[in-house]
Amino acid sequence: MDFFNTHISPKAIELATQVLKSGWISEGKMVKEFEIQLNKRLGLANPVALNSGTSALHLALVLAGVGPGDEVIIPAQTFVATGLVVLMQRANPVFADIDPTTGNISVASIKEKITDRTKAIIPVHWGGYPCDLDEINELATQHNLIVIEDAAHALGATYKGKPVGSISRFSAFSFQAIKHLTTGDGGALACMDAVDSKNAFVRRWFGIDRTNSKPSILGERIYDITELGFKYHMNDLAAVVGLGNIENFSEWLSRRREIAVLYRKEFANVAGLQLMNWKKDRESASWLFTILVENREDFIRKLSEREISASVVHLRIDQNSVFGGIKNLPNQKWFNERQVSIPVHESLRDCDIELIVKSIKEGW
Ligand SMILES: *Cc1c(COP(=O)(O)O)cnc(C)c1O
């Protein structure tokens, strides 16, 4: 049983064929349409479609004005992209500890890490389970910090009834191959402020303002780049893959949630296994189903004998030399030694799930 699935709907294939035959594969109408659907169907605020989730995070830092010497508070329980984008701005990632019952950044720890140089906070919704967004945003307001959610795992998640992507100033999403909505590679930046969104449209294409640059007889638009831009835009081919897939997204998401609920019921009293703590005011996108287990290698080995894949997905990122080596984060350490995720995607059949449940309940 595969750990991840890459879901391409027949509609995505049909639309991709049309785009390939059309002669227009660069950024155009389809990207605009994908943005409209991200807003309509998933509630993302003023979404800007990009070529990756990493680009979305980086662009948010640029728009937030994060620069050399600034500090950005991030968790270590994430993918390296969260920290690398901070380095791209010549800023310093400052690692906060996590809540060991969710894998998400701890508000108390963020408080301790705030200094005069802190400019932004990047909370990561581990596995798709939303962070304490009210508390984080309140703290950010008090200290004049900008919140950039790394929502790469959290498309479709809700917090106090609101979709992730409609809460903090910026939220970055990924449509990479194994994320639960894929465009091949791709991303989106949701912006609560429409002005940020407008700036993102300009910066995603070299800093050229396409809507206000007139074509000229010479064959090139008339423009003046005033601020550094990037080649971060999505193209129409990627956009239609997203458009084809987005039609089934809510169906896939419900199936993931159904499996997660079943696991939580079945694993509530298994020796050596601890479930994540879920609050009633938020709903996970269930991109991962993470649990904490004793004797993790035995656990993975046991499942692997039944051809069930289990994975840590990501170990703490501060262990990478580029970030200066392991920091003293007691909860992160504890979590890092025990966390593991089991398959939760929509391609699993009922018999697959039964086998997973049975194998784990037998012990390892
Ligand atoms: C996937 C992922 C990213 C990066 O997204 P890409 O689209 O691959 O650039 C960033 N953060 C987290 C937590 C991710 O899982």
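Reply: **The domain interface**

D132 and R282 join their side chains in a salt bridge, at 2.7 Å from N to O. The term requires a side-chain nitrogen of Lys or Arg within 4 Å of a carboxyl oxygen of Asp or Glu. Between domain 1 and domain 2 the count is 2 salt bridges. Side chains of opposite charge can pair when their charged atoms come close.

This is a predicted model, so local features need pLDDT of at least 70 and side-chain atom pairs pLDDT 80 or more, while totals for chains, interfaces and linings use all residues. Residues are numbered from 1 along each chain as its sequence is written, and side-chain values use heavy atoms, without hydrogens or water.

Domain 1 spans 10-248 and domain 2 spans 250-361; these bounds come from an automatic or database domain assignment. Their centres, taken over C-alpha atoms, lie 25 Å apart. Domain 1 brings 41 residues to the contact and domain 2 brings 39, where contact means heavy atoms within 4.5 Å.

About 3300 Å² is buried between the two domains, with 60% from carbon and sulfur atoms. Buried area is the accessible area (1.4 Å probe) lost when two parts are put together, summed over both. On the domain 1 side, F95, Y129 and N248 lose the most area to domain 2. Together they give 20% of what that side buries.

Across the interface, 24 residue pairs qualify, both residues at pLDDT 80 or more. Each needs N or O atoms within 3.5 Å; within protein, one must be able to donate a hydrogen and the other to accept it, and sequence neighbours count only if both atoms are side-chain atoms.

Which elements give two or more residues to the domain 1 side? They are β2 (71-75), α4 (81-88), β3 (92-96) and β6 (158-159). Helices (H or I, at least four residues) and strands (E, at least two) are DSSP runs, numbered from the N terminus.
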